[in-house]
Amino acid sequence: MQLDAIDRQIIQATQAGLPLVAEPYLALAESLGLTAAEVMQRLTAMLDGGVIRRIGAVPNHYRLGYKHNGMTVWDVDDAEIDRLGAAVAALSFVSHCYRRPRHLPDWPYNLFAMVHGKTAAEAEAQVAQIAVLLGADCRRHEVLYSSRILKKTGLRLS
């Protein structure tokens, strides 16, 4: 897909987020001298063309009070990982879950799931719930707790 100057303006105007108003696409359109329908049509085309992967909320967990955020890593049987990963991803408190390759002998973990708790006990309870769900299919696990936010933005056009 070839981007024109208007597409670039839309990307630049939205890459830090949509306006926090009742009608963000209308506000964006007005700021660019376009109609809301034209903005929506161009965003849809960029989504369909793969220029934009998704439009979604990016919560700042720390600002929402979730100070105990941990990437849980699990060593599960590769033959069962699709089934287990789907079950873990369906848990309401898991924000994202995915498979990664092992790096033996130092890193045996192949299933990753992010949990968020307002307290350490809440996060630990979530980890325990995942452990129960995985049961005997899990050989071992660890939790890597966040200590600070390093990056919370996507690629930016200048």
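Trainee: Is Glu80 buried, partly exposed or exposed?
Mentor: Glu80 is partly exposed, with a relative accessible area of 27%. Buried means under 20% relative accessible area, exposed over 50%, and partly exposed in between, with a 1.4 Å probe and protein chains only. This is a predicted model, where local features need pLDDT of at least 70, side-chain atom pairs count only at pLDDT 80 or more, and totals for chains, interfaces and linings use all residues. Residues are numbered from 1 along each chain as its sequence is written, and side-chain values use heavy atoms, with hydrogens and water left out.

Trainee: Which side chain meets Glu80 in a salt bridge?
Mentor: Arg83 does, at 2.9 Å from N to O. A salt bridge here is a side-chain nitrogen of Lys or Arg within 4 Å of a carboxyl oxygen of Asp or Glu. Arg83 is partly exposed too, at 48% relative accessibility.

Trainee: How many salt bridges by this rule?
Mentor: The count comes to 10.

Trainee: What does Arg42 pair with?
Mentor: Asp4, with the closest N and O atoms 3.0 Å apart. Arg42 sits in helix α3 (residues 36-48) and Asp4 in the segment before α1 (5-14), so this pair ties together parts 38 residues apart in sequence. Helices (H or I, at least four residues) and strands (E, at least two) are DSSP runs, numbered from the N terminus.

Trainee: And how accessible are those two?
Mentor: Arg42 is buried at 14% relative accessible area. Asp4 is partly exposed at 32%.

Trainee: Which residues are linked in a network of salt bridges?
Mentor: Asp75, Asp78, Arg99, Arg102, Arg139 and Arg140. Take Arg102 and Asp78: their closest N and O atoms are 3.1 Å apart. Arg102 is in the loop between β2 (94-99) and β3 (111-117), and Asp78 in the loop between β1 (68-76) and α4 (81-89), so the pair ties together parts 24 residues apart in sequence. Arg102 is partly exposed at 21%, and Asp78 is partly exposed at 38%.

Trainee: New topic, helices. At roughly what angle do the axes of α4 and α5 cross?
Mentor: Roughly 145°, and the axes come within 10 Å. Helix α5 covers residues 120-134. Axes are lines fitted to C-alpha atoms, for helices over the stretch in contact, and angles run from 0 to 180 degrees between N-to-C directions.

Trainee: Which residues meet there?
Mentor: Leu84, Ala87 and Val88 in α4 meet Ile130, Leu133 and Leu134 in α5. Contact means heavy atoms within 4.5 Å.
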